[in-house]
Structures are given as structure tokens and as C-alpha cells.
Amino acid sequence: MAENDNSFLNANNIYVDVEGESGKNLKLKENQRLNLVGIINSRFSNAEQARDLTEKRWITSYENYRGLYSKSVKFRESEKSRVFVKITKTKVLAAFGQLVDVIFGTGSFPISISETKIPEGELGQAHFDMNNMMQGIETSMTEEVPDNIGNRIEDEIVNPYEIGYEGDGRTLKPGATFYKGLFQETIENQAEDAGILVEGFSPDPSVLEISPAQKAARRMEKLIHDQIEESNGSSEIRNALLESALLGTGIIKGPFNFNKKLHRWDKNEEGERSYNPLEVRVPRIEFVSCWDFYPDPQATNIEECEYVIHRHKMNRSQLRQLRNMPYFNKDMIRSCLQDGPNYIEKDFELRLKDDVTTEMDAYQSNFEVLEYWGIMDAEYAREVGIDLPDSVDDLDEVQINAWVCGDKLLRAVINPFTPYRIPYHSFPYERNPYNFFGIGVAENMEDSQQIMNGHARMAIDNLALAGSLVFDVDESALVGGQSMEVYPGKIFRRQAGMPGQAIYGLKFPNTAPENMMMFDRFRQLADEQTGIPSYSHGQTGVQSMTRTASGMSMLLGAASLNIKTVIKNLDDFLLKPLGESYFQWNMQFFEGGLDIVGDLEVKATGTNSLMQKEVRSQRLTMFLQTAQNPTIAPFVKISKLVSELAYSLDLDPDEILNDPEEAAMMAQIIGLQNARQNIGEEAQPFGGQPTAMGSPTGTPTQPQSLGPTGTGGGNIGIGGVPVAGEDQFSGTLRAVGPTNQGSNQ
């Protein structure tokens, strides 16, 4: 594989090599590069200053989560306790657990792809033209399939386990199974190519109807779910969810191109195994910390950003690895390595460290690299070597991606994505309508956490005072030079003087209950501020409303209203944009046989996954019961109804449901079984009831205990008197013949 392909990002515009140009042009381009680097550094400085107050809020939230007192908190010398009750940590983890349960608890990733009401490019509903179907498929197979397809099909039917050879043309398509790879897997494409697929519904109910647009949407949905799972996307999203609950904002980067190595072993003719890995291009997403992300200060969401800057902290090895990425200038990377490390830690990095180093070794071996995504003047872009179309005027703006280390421009290319987009997805826990960054759980309960810590310290200091005796000693009444140590059996020597007690024990009042009462009150306020009640994450003790299951259900239902608002933010700012990005990536970069065109819509089902599928499955089940009415059944498409019911239950209809042909065969088999059973029942007299001998026809009579009366059975009950012409088994009258013995005699 080419060197430029071994990367997470591909572009169609390469950094232009300026070697061989005149010295004047070379100097001009060098000056323009410095101008571009200066513009990027200037924008980074502005974004950093605008984020200063937000960083202070994040530091406070992090310290409350870790149980650390800020440097601004001053204690009196009389305060002995430094206890920190980490209620913030409990609330943050409870919120994180709820988000993870909603996103990943349903078994499938909550991004669905569906066709629009009026799809374009694909047929919404279609059926086969039965008059031209066989002729069209034969023509299509003759044109596209080798001449020996008939023999191969016959061989496969006779001997499906025959071992083939490489190059025999019997390779199945990805996702196809045996025997379906030659017929059902491609029947829609063959029918469409042969012109026998007619748009609309068929007036004949026996004709097979399909929905090409829906099948294309379901195929794209399965592909995106598989890509997220194989690229470890779930772990990256979990990291973003935790940071959103803690700091208020989570950020996901991607999807980008990534060459994944598939481990494969081949066996040669001698039977020896050899390791032969295969590299495939897959999309990958990454988690980006809020501390390293600097958006446009004027924007309130990612769509309004003219630019974003991602700050990287790289060691020498990581900086060298950039040479293997496409369109990076190797000479500039070599120059950065020669100049030495230039990373300087920010103030918040020193605050985040538990063990602050006294020396300056923290940044001696690291480099600061800025990754810039955003707009740039076309004049600057063209003069630094970016290839732009001639139709782009110098006064226009273009989307670029640039990497900067110090005053060196490592990479500058046009934004490779079509359509142009900034490949970052930022989602708030609770949205702040006037700021880019959201509000987290820790910030919501900051005041309650401080007051709970204060009352807890007061209660402990008071208990330390009230739990021990304080002695009042009259030294004038005691002999001088005695030890004041107190222990059981201690004797104090008293000198002559006024009679009276010389040592008094003082007991201070205990105010800890009042302090803990205030602690509990502000813990309840923390529940109100965060919308996460204590009983939802394991608070002990029985309250009035939690004594019964119905009361607990009511409380949890009310508590879920707040988390639904948070999940809605995930839908709007993460899941839906991420699904659209995966869809656009597959349409642009996917190397497999993905033949999907049409008007597809991405839906984020995070909130709806709580109730929508359950409600939909209940409604489909009720309608299926209604469709069993013989007068309604002819108007209902049972196969479509069953398929939608399986899909609402998170089951794959293609795996558990038969296609119409297989369903017809199974119906015929079941009909034959029912017919045989009915024939067997008709052979039994009186509709299969026991005969006079006590067993059905054809079944051997089993020995029976006669009981004490000799007539069979145990207790003797009250029975009816037999009447002439009455059936002793069914109790109904029969027609009596001339012999008065019944017509069967």
C-alpha cells in the first residue's frame, strides 16, 4: 500500500513542493507560510483568552469531583477537620451511568437510517412484472454471469459442500450466504437491470412487493453500526459522556480514514501457515478533551464556528510518526525536531496534577502542535502552496486543514470532506444558550457541595470538643509541682486552705445533630439542582414515597424527565450529526460494494429508544391480533407487518423471517401436516372421543384399576340414568332405528 494511504485522513490536494523554484518565489512562499502560521497562532491566542473563565469553572468542577479543596479556600487555625464529602462524584457517576444506559443499554447504537416519505433516486414501493420476470432474469444472468452458471448451480444444489479453488468465480458477496449469493442476494439488482421492477403497489396480492429505499436505508444502518463497533467507537463515546457530565461538554472527532490491519493466516501447499495481514480502510472516531479544544469565541455551537483549533501534546516519537501521514512536510518536521521541544504547560495543567513537579522537566521532551480546521482567505491558501481551482477568486474563503508547530507549517490542505464540514461534534450536558460550552453536574451543585463540606467539618470539630472532658483546675488549692495527667485512679494532692473542689470537669453541648440536619437539607437541594435524586443511585433508608413499588415508580418517572432533556441534547448535537458524518463518509470513501443512492434521512433515537420501540411493538402486536379477523385479513400485508414487528423488537428481519417463497413453502408444509392431523381425527369415532373400550381408535387399551366396586374408578358419584336413544358419551339424542338400537348398529 502506498505511503500516503497509511493515514487517518485522505485529501485530493497535496502540499506543493517548492524545490527548484527561484529564490525570490521561494522567499515569498516562505513569508506567506509565516503569515499563515501567524494568523493561526493569533486565532489560537484569542480562543485561549476567551476560554479563561470557562477553565476556572472546569477546575472547580474537577476539584469537587476529586474531593480536593481549592487553593482559594482558607482554613482557620482552630479548624482541625479537613474532611471533603464527595457527593459531587456520586452525582456525576450517576448521571454518567444513566447516559450510558440510554445510549448503549438497548443493544444497538441509537442511530437509525430511514428513507424519507418521498425518496429520490430509489423507489419507495415496487413490485415485479410477472409477465416479463423470467425472461428478464434469464437475459440479465446471461449477460452478467459466466456461461457455466447453470452447471455450477446444479452442482451446488447436489453437493453444497464441494471444495472449490481460487479463481473459480464462486466467491459470495459480503453478507451473502450459501445459495442466496446467486439468487436472492442479487435478485433486486437483476430485476432492476432487466426492467421488470415496476414502481408502486401491485393489484395482484400474490405478486412479490419490495421497498428498495427502505432496504437501502436498513443496509446503511447496519453498516454504520458495524463500523462504530469495529473501530472501538463505543469506548470513545463513553469517555466523552463522562466529561460532559463532569465539565458540561463532550467532544468527538471524526470519522476519519483509518487503515485497520486484519490479522490473517494463509496455508500453502505444504500445509504450513504464513501470516499475511490485510489492511482495509475504515472510519474511526476519537475522543477529544475539552482542555485541548479551542473553538471560535464568537460561536455558540459547532455549526457557527468559523474555525476550531485542536491542541496536541506530542513527544518525539509521535511527531516523527506524522511523516507517515499524507501531505505532511518532512523537512519541516525534521526542522522541528532539530529545534527541540517547545511545549509549555498551561496554568490549568499544573492545577490538574496531583503531584506538581518543582523542576521544569514536564515540558522538556514534548512539542506543542496545533491542528487548525476552518476558513482561510483563498489568497493565503494559494500562496502557501494549496492547489485551488481556477474558479476560486483570491477574495473568496476556502475551508482548509493546517498543522502548525511553533513557527513551522507542517501541513496545509483543502478540507477533504464533501460536503465541507468541521470534523468535530460538541454536545452539552445542559445547554448554555450564550456560550459554546455547556453546564455539567458538578457546576450545578457547586454551592451545595461547599455548604455540605462546611457543616460536615463543623459537626466533626464540635464532636471532637463535646466528646471529651475539659478540666477546670484551681492550682492554688493543689500542691505545686504535680503532674496534670488524668487517668483512672489518679490522686491529686491538695494543700491546706479553704475547703472545696479543686478540679472541675466541663461538658460542652453537642451541636452535631443540627449541623447534620443542615447537611441533609443541602443534600436534598443538590438533588433538586442536578435533577438526580439520591434514591436513584442507591441511597439507603426508607422514605414515605419509596415504601411501595408504585410510589418508587412515580418518583423515578418524574426523575427521568431531566435526563430526557439531556438525552435530547445528545440527539441534536452528537448522534444525528455523527450519523450524518458516517453516512457522508461511506458515500465518499467506502471501498466495498455499497450501491446506495437515494434520499436517506438520519434519525437519532436516543430519547425515543426509552419508549418508542416498546410502544410501537405493542401497537403492532395489537394490530396483528386485529388482522386475524377473516374480514380484515385480506386487506393487511402480513409479511410487512411481521417484518416491522421484528424490527421494533431490535431483531434483524433478514435473519429470522422467511422470504415470500420460503414462506409459501412453509405454509404448504404446515397445511399438509394439518390435513394429516384432521384425517387422523376424523378416523376416530365421535370426533376423537374415547370409545366404549376407554381408548381412542388405534390406541391400545391400558390396564385400569377396577376399584373396590369392581366397576372401575374410585368413589361412586351421582350419575344419570341411561335413556333409550341417548348417547351415553355425549349426552345428546340420536336418531333411533327400527330396532331401537340406534342407526350405527
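A salt bridge here is a side-chain nitrogen of Lys or Arg within 4 Å of a carboxyl oxygen of Asp or Glu. In this predicted model, the count by that rule comes to 16 salt bridges. A few of them are picked out below.

Take Glu63 and Arg351 to begin with. Their side chains meet in a salt bridge, with N to O at 3.3 Å. Glu63 sits in helix α2 and Arg351 in helix α11 (residues 347-352), so this pair ties together parts that are 288 residues apart in sequence. Arg351, at 34%, is partly exposed.

Asp52 is partly exposed, with a relative accessible area of 35%.

Another pair is Asp407 and Lys408, where the closest N and O atoms of the salt bridge are 3.0 Å apart. Asp407 has 45% relative accessibility and goes down as partly exposed, whereas Lys408, at 15%, is buried.

Salt bridges also link up beyond simple pairs: Arg311, Glu349 and Glu368 are joined in a network of them.

Definitions and conventions: Residues numbered from 1 in each chain as written. Predicted model: local features only at pLDDT ≥ 70, side-chain atom pairs only at ≥ 80, totals over all residues. Heavy atoms only, no water. Buried < 20%, exposed > 50% of the residue type's maximum accessible area, 1.4 Å probe, protein only. Helix = DSSP H or I, 4+ residues; strand = E, 2+ residues; numbered from the N terminus.
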